[in-house]
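Here is a report on one protein model.

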Amino acid sequence: GCIDCHSPHGSKFPALLAAEGADACFECHDGVATEIEEASEPHAAMDDEAGCMLCHDPHSSHQAGLLAKPIREVCMECHDDV
């Protein structure tokens, strides 16, 4: 639900997030943070403000893993040479 990521009664972060940027996601998905740290560029840069939202859409996705689009489309946006 909403309160998994948002603090409805107030937050110092935009959109009433419980934490800043990708840290809101890492509250529950801490293993992913480690994977990103170990990944090669540009994946390691994905923990910035846009972070997880580059590939995932937690508000309206109907894809597995809350991907913004089907996985082939998500990956091909950056990996068009594959």
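The structure holds zero disulfides. A disulfide here is a pair of cysteine sulfur atoms within 2.5 Å. For Cys-25, the closest cysteine sulfur belongs to Cys-52 at 3.6 Å, so the pair is too far apart for a bond. For Cys-28, the closest cysteine sulfur is in Cys-5, 6.8 Å away, which is also too far for a bond.

The model is predicted: local features need pLDDT of at least 70, side-chain atom pairs count only at pLDDT 80 or more, and totals for chains, interfaces and linings use all residues. Residues are numbered from 1 along each chain as its sequence is written, and side-chain values use heavy atoms, with hydrogens and water left out.

## Cysteine surroundings

Where is Cys-25 placed? Cys-25 sits in helix α1, which spans residues 23-26. Helices are DSSP runs of H or I with at least four residues, and strands are E runs of at least two; both are numbered from the N terminus. Cys-25 is partly exposed, at 22% relative accessibility. The classes are set by relative accessible area: buried is under 20%, exposed is over 50%, and partly exposed lies in between (1.4 Å probe, protein chains only).

Cys-28 counts as exposed, at 56% relative accessibility. Cys-75 belongs to helix α3, residues 71-76. Its relative accessible area is 36%, so Cys-75 is partly exposed. Cys-75 and Cys-55 are 20 residues apart along the chain, and their C-alpha atoms are separated by 8.2 Å.

## Salt bridge

How many salt bridges does the structure hold? It holds one. The term means a side-chain nitrogen of Lys or Arg within 4 Å of a carboxyl oxygen of Asp or Glu. Side chains of opposite charge can pair when their charged atoms come close.

The partners are Glu-77 and Lys-69. Their closest N and O atoms are 2.2 Å apart. Glu-77 is exposed, with 52% relative accessibility. Lys-69 is partly exposed, at 33%.

## Ser-61 in its loop

Ser-61 lies in the loop between α2 (30-38) and α3. Is Ser-61 buried or exposed? The relative accessible area of Ser-61 is 17%, so this residue is buried.

A polar atom of the Ser-61 side chain lies 2.5 Å from the backbone oxygen of Leu-67. For reference, a polar contact is a pair of N or O atoms within 3.5 Å; within protein, one must be able to donate a hydrogen and the other to accept it, and residues adjacent in sequence count only if both atoms are side-chain atoms. Leaving aside neighbours within four places in sequence, Ser-61 is in contact with Leu-66 and Leu-67. Contact means heavy atoms within 4.5 Å.

Which phi value does Ala-15 have? The angle is near 60 degrees, a positive value in a residue other than glycine. Ala-15 lies in the segment before α1. Ala-15 is exposed, with a relative accessible area of 59%.

Leu-16 also has a positive phi, about 55 degrees, although it is not a glycine. Leu-16 is placed in the segment before α1. Its relative accessible area is 35%, so Leu-16 is partly exposed.
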